[in-house]
Amino acid sequence: MTNEFVLEAITREFPESVLSHDTPYDFLTLEIKKEDIKKVIHHLKDSSLQINFLTDICGIHYPETPEKEIGVIYHLHNMMTNFRIRLKTFMTRENAEVDSMTDLYAGANWMERETFDFYGIKFKGHPDLRVILNMEDLGYHPMLKEYRLEDGTRTDKDDKMFGR
Amino acid sequence: MKDNALSNILNQHDSKEQIDGQLYTLNLGPTHPATHGIFQNVLTMDGERILHAEQTVGYIHRAFEKISERRNFTQITTLTDRMNYCSAPINNIGWHLTVEKLLGCEIPKRVDYMRVIMMELARISDHLICNGVIAMDAGAITGLTYLFQEREKIYEMYEEVCGARLTTNMGRIGGFERDFSPKFHELLKTFLKKFPVVWQDFCSLNERNRIFMDRTINAGPISAERALSYGFTGPNLRATGVDYDVRVAQPYCSYEDFDFIIPVGTSGDTYDRFMVRQQEVWESLKIIEQAYTNLPEGPFHADLPEFYLPEKADVYNNMEALIYHFKIVMAETEVPKGEVYSCVEGGNGELGFYLVSDGGRTPYRLHFRRPCFIYYQAYPEMIQGSLISDAIVTLCSMNVIAGELDA
């Protein structure tokens with residue numbers, strides 16, 4: 001399987017769903033419409049492409065682009081041909097909700113919980129969407145770019161000369 | 001089989017009330033000698049049988065992904081070696097490979113072979129602990145104490161290479177800080193000579209031991225299909241019969257140069273997981289022998305002046321070197337814009353790094369694909385209906401390392 005072959009197969013099947021595509025470092029990366037992401041992943045799993053191993057799910061935050069502020073990134077894999085693909089879907093902060101993959105992949109459960117924990121993305125249809133690594137009463141989603149790593153109000157430390 | 005066990009228990013009771021009256025809750029962990037790390041299991045028990053388990057993780061979550069966003073690329077090594085601390089060099093080298101992929105640089109062959117030697121030593125050390133502890137949890141403590149002496153020898157080698165033993169900070173982006181020292185060569189030669197005898201002893205102690213087999217065969221089984229659905233990789237997946245190994249499927253560090261096989265199991269139970277690791281240690285020894293015998297001559301780091309601290313003499317006499325030294329120390333080195341996913345075969349599975357760079361001095365986003373995080377969610381399914389003693393050996397055989405689970 002080649003990037004071109006898979007790209008062509010997906011765009012033929014879902015011409016409306018693929019918003020853009022790229023191959024950074026020879027890794028096929030597609031941006032998929034949020035409403036269609038589950039459909040596409042389901043197709044990749046069950047079609048002859050056999051991209052049926054969910055390697056990873058994670059979130060990302062781009063505060064500079066409000067219409068695509070929150071993203072979910074899926075890494076999928078066909079172990080037989082060792083073909084990997086990355087799917088991305090973006091959404092606004094107010095509507096950070098996407099379909100859950102838990103009924104396709106058992107492993108999606110915790111990956112989605114982790115993404116929810118860190119970015120506040122809701123996964124529709126997830127059986128038990130609770131925070132997982134942080135404490136439940138933390139009350140915010142710490143990986144969002146608006147939370148600085150250190151307390152921004154600290155005045156005892158001036159590190160502007162130290163390359164940070 | 002375990003479903004039958006569970007339905008048998010449920011059938012023995014006339015009503016739900018009767019079950020409720022007999023059940024009790026047992027907290028296994030967070031800190032318990034048998035959990036080998038800080039994670040909690042709330043078990044619903046009927047006598048000694050587990051009806052339901054609910055795990056809680058996050059007790060040692062240290063926000064590595066968030067911290068990475070404020071650290072430059074060379075400083076992240078100190079985070080990765082604290083993930084799976086039983087095989088820290090693999091994590092470090094995995095991270096370096098990710099950055100090198102982003103930089104698109106060429107790595108000398110000698111570096112590849114040196115990395116292979118260190119990674120395979122780390123894999124052996126990881127498997128020594130895991131298998132030693134499985135034997136210990138099954139009641140035989142001898143093997144573990146015996147193997148700890150060997151792990152000590154591996155740690156001495158780490159110390160020779162990088163000065164540290166546990167949190168090794170092994171290597172640099174582009175290679176190693178220094179070449180292997182003469183003492184390292186001596187230590188490695190002695191290890192390669194003596195360790196197979198010890199390992200053979202450990203194999204003889206357990207592999208055909210009646211008690212050990214009774215305790216581990218059919219304990220915590222998982223099918224290949226379920227394992228794949230959960231996202232299992234590494235020895236835990238191979239124990240189910242799937243021969244997926246990142247070293248072979250997607251070779252890095254010149255793994256394609258070496259001749260080794262991928263051991264697989266059949267039933268995905270604790271015994272198979274144990275046996276796969278046993279065999280893998282032999283394969284790792286084979287790889288180290290080959291890499292050491294054919295260790296190429298040449299530089300021990302790539303030509304990456306923006307990431308590799310120059311020689312002190314150069315810093316004093318060469319303007320370029322002084323500039324690079326300053327830039328590295330002051331963390332002013334920038335990397336290209338882009339995103340990469342890079343993975344290595346860690347001690348317990350595919351350890352992946354998803355790195356997004358916006359062209360700055362620190363990663364814009366770094367996500368660790370941690371195999372332990374993936375395994376542990378299958379744990380309730382694997383122990384449902386089994387005895388609590390099976391749950392202990394099952395947990396251990398999955399090699400869940402709390403540092404990597406929580407990151």
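**Salt bridges and surroundings**

Author: Let us begin with Asp128(A), which is partly exposed at 30% relative accessibility. Please keep in mind throughout that this is a predicted model.

Reader: With which residue does Asp128(A) form a salt bridge?

Author: The partner is Arg130(A), and the closest N and O atoms are 2.9 Å apart. Arg130(A) also counts as partly exposed, at 27% relative accessibility.

Reader: Turning to chain B, what is the distance between the closest N and O atoms of Arg172(B) and Glu177(B)?

Author: These atoms are 3.5 Å apart, and the two residues form a salt bridge. Arg172(B) is partly exposed at 27% relative accessibility, and Glu177(B) is partly exposed at 38%.

Reader: Which residues are linked in a network of salt bridges?

Author: The network consists of Glu120(B), Arg123(B), Arg238(B), Asp245(B), Arg247(B), Glu280(B) and Glu345(B).

Reader: Which residues is Asp406(B) in contact with, leaving aside its neighbours within four places in sequence?

Author: Asp406(B) is in contact with Ile38(B), Val57(B), Gly58(B), Tyr59(B), Ile60(B), His61(B) and Arg370(B), and also with Leu133(A). Asp406(B) itself is in helix H19 (residues 402–406) of chain B.

Reader: What does UniProt list for residues 137–406 of chain B?

Author: The UniProt record, an unreviewed entry, lists that span as "domain: NADH-quinone oxidoreductase subunit D". In the model, residues 137–406 of chain B are 51% helix and 9% strand, and the end C-alpha atoms of the span lie 23 Å apart.

Reader: Let us move to helix packing. At roughly what angle do the axes of helices H6 and H18 of chain B cross?

Author: The axes of H6 (residues 109–137) and H18 (residues 388–397) of chain B cross at roughly 175 degrees and come within 9 Å. H6(B) is therefore roughly antiparallel to H18(B).

Reader: Which residues in H6(B) and H18(B) meet?

Author: From H6(B), Cys130(B), Val133(B), Ile134(B) and Asp137(B) meet Ile392(B), Val393(B), Cys396(B) and Ser397(B) of H18(B).

Reader: Back to chain A as a whole. How many helices and strands are there?

Author: Chain A has three helices and seven strands, and from the N terminus on its elements run α-β-β-α-β-β-β-β-α-β. The C-alpha trace of chain A spans about 60 × 40 × 30 Å along its principal axes. Of the 164 residues of chain A, 53% count as buried.

Reader: One last topic, the backbone. What is the phi of Asn82(A)?

Author: Asn82(A) has a positive phi of about 55 degrees although it is not a glycine. Most residues other than glycine have a negative phi. Asn82(A) lies in the loop between S4 and strand S5 (83–91) of chain A and is partly exposed, with a relative accessible area of 22%.

Reader: Where is Ala331(B) found, and what is its phi near?

Author: Ala331(B) is found in the loop between helix H15 (319–329) and strand S4 (337–346) of chain B, and its phi is near 55 degrees, a positive value. Ala331(B) is buried, with a relative accessible area of 10%.

How values were computed
Residues are numbered from 1 along each chain as its sequence is written. Chains are lettered from A and ligands numbered from 1 in the order in which they are written. This is a predicted model: local features need pLDDT of at least 70, side-chain atom pairs count only at pLDDT 80 or more; totals for chains, interfaces and linings use all residues. Side-chain values use heavy atoms; hydrogens and water are left out. Helices (H or I, at least four residues) and strands (E, at least two) are DSSP runs, numbered from the N terminus. Contact means heavy atoms within 4.5 Å. UniProt positions are given in the numbering used here, feature names are shortened, and annotations may be inferred rather than shown by experiment. Axes are lines fitted to C-alpha atoms, for helices over the stretch in contact, and angles run from 0 to 180 degrees between N-to-C directions. Angles under 35 degrees count as roughly parallel, over 145 as roughly antiparallel, 65 to 115 as roughly perpendicular and the rest as oblique. Buried means under 20% relative accessible area, exposed over 50%, partly exposed in between (1.4 Å probe, protein chains only). A salt bridge is a side-chain nitrogen of Lys or Arg within 4 Å of a carboxyl oxygen of Asp or Glu.
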